[in-house]
Amino acid sequence: MRLGLNMGYWGAGNDAANLEMAKEADRLGYAVAWVAEAYGSDAPTVLAWVAAQTERIDVGSAILQIPARQPTMAAMTAATLDTLSGGRFRLGLGVSGPQVSEGWYGVKFDKPLGRTREYVDIVRAALRRERVTHQGRHFTLPLPDGPGKAIKLTVHPVRERIPIYLASIGPRNLELTGEIADGWLAIFYSPEHGRESLELIARGRAKAGKTLDGFDVVPTVPIVVADDWRQAADLVRPYAALYVGGMGSREQNFYNNLACRMGYAAEAAECQELYLDRDYAGAAAKVPLGFLDATSLLGPKERIADKMRELADSGVTTLTVSPILQDLERSKAALRVAAEALELAGVGS
């Protein structure tokens with residue numbers, strides 16, 4: 001198991017600190033630094049900036065939003081970032097959610113599995129520098145009866161194959177991830193319940209005639225280093241409440257559904273009700289301690305090392321940590337403790 005860093009969304013006032021975090025992760029030998037996008041900062045601009053100021057660490061999108069770009073544009077971006085970084089780019093993709101897809105991008109959120117499958121097919125064809133043609137339900141290239149013609153990418157990526165990751169939560173999407181992707185970007189992953197997800201991914205891999213060998217399992221896990229793990233958990237509550245309670249609507253919230261499948265249906269419903277009523281503190285208080293402990297790295301180094309062994313044993317191959325503290329020095333210290341804990345756990349690669 002290797003370590004990664006999730007820098008989250010840019011533009012929240014901590015950009016300089018995030019760059020220093022990436023540099024520290026690079027110095028410590030972390031495998032990859034991930035950047036997200038929603039409806040604020042875009043990931044590719046930030047990734048180019050980070051790649052220019054680091055040396056060895058990979059840079060990855062977690063995620064590029066599928067409704068934001070045509071698949072050929074995603075391939076252009078991936079090839080460009082791979083060349084600029086010297087072969088260090090990883091392409092993470094995801095469909096986002098109905099509110100962002102339809103409200104921000106004006107793209108109907110329907111048939112996400114079919115759209116994702118076609119999107120990845122086109123991206124891979126473009127990155128292979130084939131003349132891109134595709135006739136599908138969601139994408140048609142080139143358009144018929146017009147001046148368009150099949151074109152191939154002019155940029156040569158450094159690597160023969162840029163790895164593609166999918167962010168997925170639901171059972172059918174997990175199976176699709178195993179079938180067509182090189183890795184899985186997971187959130188709120190626990191060793192206990194993660195095995196069910198990996199069984200679905202393995203089913204998808206089998207469809208493609210593959211096993212889990214070489215498939216990268218990449219959960220993002222909040223980390224808070226402290227003597228008292230319960231007090232550390234309280235710092236994660238607002239983050240968890242945002243997703244379980246506030247991402248999406250009452251009718252459709254993928255993270256809330258995940259918490260329900262993990263056995264926290266009643267608490268997830270209460271958290272969502274309070275969050276959507278703008279009682280953010282009340283919503284955070286409703287996030288179960290067990291959920292926080294199962295999906296985070298909390299406490300002293302030795303406790304974190306124990307959790308890392310569980311994660312590695314469950315199938316995690318790249319553990320992406322997300323320091324919750326905004327203070328730069330304490331966040332950098334958390335990165336160092338994570339590296340030390342990985343060595344202590346004896347599961348590093």
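Buried means under 20% relative accessible area, exposed means over 50%, and partly exposed is what falls in between, using a 1.4 Å probe and protein chains only. With 30% relative accessibility, Ala167 therefore counts as partly exposed.

This is a predicted model, in which local features need pLDDT of at least 70, side-chain atom pairs count only at pLDDT 80 or more, and totals for chains, interfaces and linings use all residues. Residues are numbered from 1 along each chain as its sequence is written, and side-chain values use heavy atoms, with hydrogens and water left out.

Not counting residues up to four places away in sequence, Ala167 touches Ile63, Leu93, Asn173 and Leu185, where contact means heavy atoms within 4.5 Å. Val347 lies 180 residues from Ala167 along the chain, and a distance of 24 Å separates their C-alpha atoms.

Ala284 belongs to helix α11. Is Ala284 buried or exposed? Its relative accessibility is 9%, so Ala284 counts as buried.

Ser101 sits in helix α4 (residues 98–103) and is buried, with a relative accessible area of 2%. Which backbone oxygen lies 2.8 Å from a polar atom of the side chain of Ser101? It is that of Val107. Such a polar contact is a pair of N or O atoms within 3.5 Å; within protein, one must be able to donate a hydrogen and the other to accept it, and residues adjacent in sequence count only if both atoms are side-chain atoms. Val107 is also one of the contacts of Ser101 beyond four places in sequence, together with Pro67, Gly106, Lys108 and Phe109.

In helix α2 (residues 43–52), the buried residues are Ala43, Pro44, Val46, Leu47, Val50 and Ala51. They cover an arc of only 160° around the axis, so they lie on the same side of α2; the arc is that of the directions from the helix axis to the C-beta atoms. An α-helix has 3.6 residues a turn, so residues three or four places apart point the same way. The packing partners of the buried residues of α2 are α1 (15–28), β2 (32–35), β3 (58–61), β4 (64–65), α3 (71–84) and β5 (89–94).

Helix α9 (residues 254–261) has Asn256, Leu258 and Ala259 as its buried residues. Their arc is only 155° around the axis, which puts them on the same side of α9. They pack against β9 (183–187), α8 (229–246), α10 (265–276) and α12 (289–294). At the start of α9, the backbone nitrogen of Tyr255 has a side-chain oxygen of Asn253 within 2.9 Å. Just after α9 comes Gly263, with a positive phi of about 100°.

**How α1 meets α14**

The axes of α1 and helix α14 (residues 328–345) come within 10 Å and cross at roughly 25°. Axes are lines fitted to C-alpha atoms, for helices over the stretch in contact, and angles run from 0 to 180 degrees between N-to-C directions. This angle makes α1 roughly parallel to α14, a term for angles under 35 degrees. On the α1 side, the contact is made by Ala17, Glu20, Met21, Glu24, Ala25, Arg27 and Leu28, and on the α14 side by Leu328, Ser331, Lys332, Leu335 and Arg336.

**Backbone details in the loops**

Most residues other than glycine have a negative phi, and most peptide bonds are trans. Here are some exceptions.

| Site | Feature | Value |
|---|---|---|
| Ala62 and Ile63 | cis peptide bond | omega about 15° |
| Leu141 and Pro142 | cis peptide bond | omega about -15° |
| Arg129 | positive phi, not a glycine | phi about 60° |
| Arg278 | positive phi, not a glycine | phi near 70° |

Ile63 is in the loop between β3 and β4, while Pro142 is in the loop between β7 (140–141) and β8 (164–167). Arg129 is found in the loop between α5 (112–127) and β6 (134–135), and at 23% relative accessibility Arg129 counts as partly exposed. Arg278, in the loop between α10 and α11 (280–286), counts as exposed at 68% relative accessibility.

Terms used: Helices (H or I, at least four residues) and strands (E, at least two) are DSSP runs, numbered from the N terminus. Angles under 35 degrees count as roughly parallel, over 145 as roughly antiparallel, 65 to 115 as roughly perpendicular and the rest as oblique.
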